[in-house]
Structures are given as C-alpha cells and as structure tokens.
Amino acid sequence: MNTGVKITAFAAALAATFGTAYGVGKGVGPVEEPKEAEHGDHATAPAPSKTPAADGHAGHDEGATTAAPAADLPGGLQVSQDGYTLALDTPTPPAGRSVLKFSIKDATGRNVTAFTAEHGKELHFIVASRDLNTFRHLHPVKAADGTWSVDADLPAAGGYKAFADFKPATPDAKGITLGADLAVPGVHAPKPLPAVAPTATVDGYQVRLGGTLDPGRAGELRLTVTKAGKPVTDLQPYLGAYGHLVALRDGDLAYLHVHPNEGGPGPDVSFTATAPSPGTYRLFLDFQHQGTVRTAAFTVTTGGAKAPAPAAAEATDGAAGHAHG
C-alpha cells in the first residue's frame, strides 16, 4: 500500500514549519465517518515568526536540504500570533482529572467566537508533558461567549504545554497553532525520554514505524498497524482520516500535526515528513479501530543527534482520557 501524506517541511526560505494542524492536501475525498467514539484509557509503550501556511503544505520544497532561518519559528512556540492569543483560564490545574478552560483572544482582547470548522471541529487541542511522556489529544466545547472547556487527565505534577489549532472565520484567514504553558503543582519527578524503538504496543495492537526522519529533506514514514500478528485492514475514519500524526521536538516542543492525503483503511498509514532541524522527536499516531481511538508513540532521532539512553521499562502515558466535544 502506497499512501502519500505530506507533512509541512521546515526548509530554506519556508515561511511555515511545524505549522497549521489538520492540513489535508490534495487527493482526499470526503470520508464517511461513524459517530465519534470515546478514546479508551490506555498507555502506549516507549513510547519573531512568519505566518504558517493555511493548509500546512504551501511552499513545501521537496528538494530542500537546509534548515530555514532562525526567524521562521515552528508552530506552537508562540502564545500570540497574527493578532490572536491563547489565554489559559486554568494555567495551574491539579494533578488528575480536571476541567481546563481557555479562550482565543483577538487583537482587541475580546474572545473569538467564530471559527472555520476543519475535520468536524472548530478547534483542536493538544496537551503534552514537557518530558514528552504524557500526550492528550482533546476536543473542547465552546460556550457562547467564546470560552472553551474540556475534561483532561494530567497524571502528575510538572510542566505541560497546551496547543490550540484553529482557523478564524475571517476572510483570507490562515490556520494558526498557538502554544501556552501549563503547570501542575506538586513534586515533579520527570521521566526520561523513552528509548528509540521501531515498534510501539498499545491495547494489544502493534504499530511498526518504518522509514527515516531527516532534517531539511523529505522522507517517508510508514506506520503499519497489526493485532495478534495480523494486519489491521479495517481502520475506521477518525475526524475524516485514517490516521493523525503529531510530532513534538524534544527540548522546546515545536509542534506538527497533519493528516493523510489519501489511502485506505490500513494496515499502512504513510507520511512524507521533513524535520526542521537535527534532534530528537516524539511521534504520536492516533488511529481508530472497533470504535476506540488509540495512540502509538515513538521516539526518533535525526541529523546525527544522540539517541536518548534507554529508559526503565515504563509505558508512555498516551492519549488516555481523550475527551470529545
């Protein structure tokens, strides 16, 4: 199976890197999707800026081999961009389950209430721990006054990063990814980054990662889903796609999130990816099967970066507690 999926490149003269989430490229027809399922609680195994392109792909240079200028920041590194600000009403939630509240402010300080829906949602919300051992893909609910809220499970004290992916409902608006810090009070015991491994196991499923992630050069990443040694060929569409990939750079949590352009229901989900720089990254693949969304997590290194030392045999806390609006 040869599914081609583009991920925004971070290449020379590129004004968008790790940019707009939910950028679906050419070749995707509408996918009839069953009613959105609740995400099952689970753990995965060891798992000044230029405006990003609106679809997450514009300006991609397949042959680029050098990184973009330092002024071109990846998505999610700024709390404000293009006159919009991610304002957290609950920046210090307690450990465990709690309700996170936030809003998107415009340049006048007013709550934005009108958004362009992409993949069935007006806004997509990601929360990850700074040590990249916890990952949440959440779908908050918007109140009439523009305040968003969502139930989230943040299992331990420490630093987290919240990302908001959205597109304002204004003429010529472009998709934006903003990021803001969360801090869960308490004694913080960061975990080591899970070791590099080609296979992740979640809820009895095995996901194998093939291909390479290279800085400044496009390469294919192919993720193959199996269960009990048999290929899973009936993946279900989730928010209009058969797989969603989030990449976070270790250190600053630079953010990337896109969907496949084309392809069928498994077992392979393929992406064409370009790393913005040498380093270590965490990849999180969301896939849906038998009515439940699961997340497989991987650590990858690129550009001669030193792989993290093997961690203790602890499972990464994946997208357990995934909430839907």
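Strands β10 (residues 199-202) and β11 (residues 205-211) pair in the antiparallel sense over 4 bridges. Pairing requires at least two DSSP bridges between two strands; a strand is a DSSP run of E with at least two residues, numbered from the N terminus. V202 stands opposite Y205 in β11. The two strands form a hairpin with 2 residues between them. In that turn, D203 has a positive phi of about 50°.

This is a predicted model: local features need pLDDT of at least 70, side-chain atom pairs count only at pLDDT 80 or more, and totals for chains, interfaces and linings use all residues. Residues are numbered from 1 along each chain as its sequence is written, and side-chain values use heavy atoms, without hydrogens and water.

The largest pocket holds about 190 Å³ of space. Its lining has 17 residues; D131, A156, A157, Y160 and K191 are the closest to its centre. A pocket is an open set of points on a 1 Å grid over the protein atoms alone, where a 1.4 Å probe fits, with protein on both sides within 12 Å along at least five of seven lines; lining residues have an atom within 4 Å of a point. The volume is the space filled by probe spheres set on the points, which are joined across faces, edges and corners. Strand β8 (residues 158-166) gives the most to this lining, with 3 residues.

| Lining class | Residues in the largest pocket |
|---|---|
| Nonpolar | 7 residues |
| Polar | 6 residues |

Asp, Glu, Lys and Arg count as charged; Ala, Val, Leu, Ile, Met, Phe, Trp, Tyr, Cys and Pro as nonpolar; the others, Gly among them, as polar.

R294 lies in strand β18 (residues 292-302). R294 counts as buried because its relative accessibility is 10%, where buried means under 20% relative accessible area with a 1.4 Å probe and protein chains only. The R294 side chain reaches the backbone oxygen of T292 at 3.4 Å.

Note on methods. Buried < 20%, exposed > 50% of the residue type's maximum accessible area, 1.4 Å probe, protein only. Polar contact = N/O pair within 3.5 Å; in protein donor to acceptor, adjacent residues only side chain to side chain.
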